[in-house]
Amino acid sequence: MPADVATKTELTIALAFFIVLTLAGVALGGAAVRDFSQARASVSWPRAEGIVLSPDSGGRFRYAYVADGRSFQSSRIQFLTANFFAPPYQKPAPGGAIAVRYNPDNGAEAVLRPGGSGGVFAILISIAGLLAFVGLGGLIRTLILGQKIEEETNGETLILTRAL
């Protein structure tokens, strides 16, 4: 009997792990698609003059800008899917002028380096797909194994299969 409890516990842990892995893949894929679509759209966003509020030394780089008559602050320099091989953004000193691209539908969204890289997007989507694939595969394998164990134990219902 203790072996059955250990097996049930192991299967439950494996099931939870593969569910988390699958959800992580789906979440990463969704975030990558959203980020890349915004990054590509940012190329055509209107420009505004901004001013640097705080430096990056130890603190967070912040800037202010006016979009559609309203004042906003942001810290985004580029999108996650931006080209990692581009030279680092040269941050001006506090009080320095900068060019800001802002979302015309939501003035609070802004970026200093617009655009996104299809290569970075492809890498993120590949990682997300791999996570989801391995997670789903492991989930299916764990459920099949749980069903086999249930059949071998004369139909005793496992906690694992009862939850589904």
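Colleague: Which residues of α2 are buried?
Modeller: A word on the model: it is predicted, with local features needing pLDDT of at least 70 and side-chain atom pairs counting only at pLDDT 80 or more, while totals for chains, interfaces and linings use all residues. Residues are numbered from 1 along each chain as its sequence is written, and side-chain values use heavy atoms, leaving out hydrogens and water. Buried means under 20% relative accessible area, exposed over 50% and partly exposed in between, with a 1.4 Å probe and protein chains only. By that rule, the list for α2 is Val 120, Leu 124, Ala 128, Ala 132, Gly 135, Gly 138, Leu 139, Thr 142, Gly 146, Ile 149 and Glu 150.

Colleague: How far does α2 reach from its first C-alpha to its last?
Modeller: Helices here are DSSP runs of H or I with at least four residues, strands are E runs of at least two, and both are numbered from the N terminus. The expected span is 1.5 Å times one less than the number of residues. For the 35 residues of α2 (118-152) the expectation is 51 Å, and close to it is the model's value of 50 Å.

Colleague: Which residue caps the N-terminal end of α2?
Modeller: Look for a side-chain oxygen lying 3.3 Å from the backbone nitrogen of Gly 119. The residue that supplies this oxygen is Ser 117.

Colleague: Which side chain makes a polar contact with the side chain of Thr 81?
Modeller: Thr 81 is in the loop between β3 (70-74) and β4 (97-103), and it is buried, with a relative accessible area of 0%. A polar contact is a pair of N or O atoms within 3.5 Å; within protein, one must be able to donate a hydrogen and the other to accept it, and residues adjacent in sequence count only if both atoms are side-chain atoms. At 2.8 Å, the partner is Asp 35.

Colleague: What kind of aromatic pair do Phe 17 and Phe 18 form?
Modeller: Rings of Phe, Tyr and Trp (its six-membered ring) pair if their centres lie within 6.5 Å; planes under 30 degrees apart count as stacked, over 60 as edge-to-face and the rest as tilted. The count comes to six aromatic pairs. Phe 17 and Phe 18 are 5.3 Å apart, centre to centre, with 65° between the planes, and the pair is edge-to-face.
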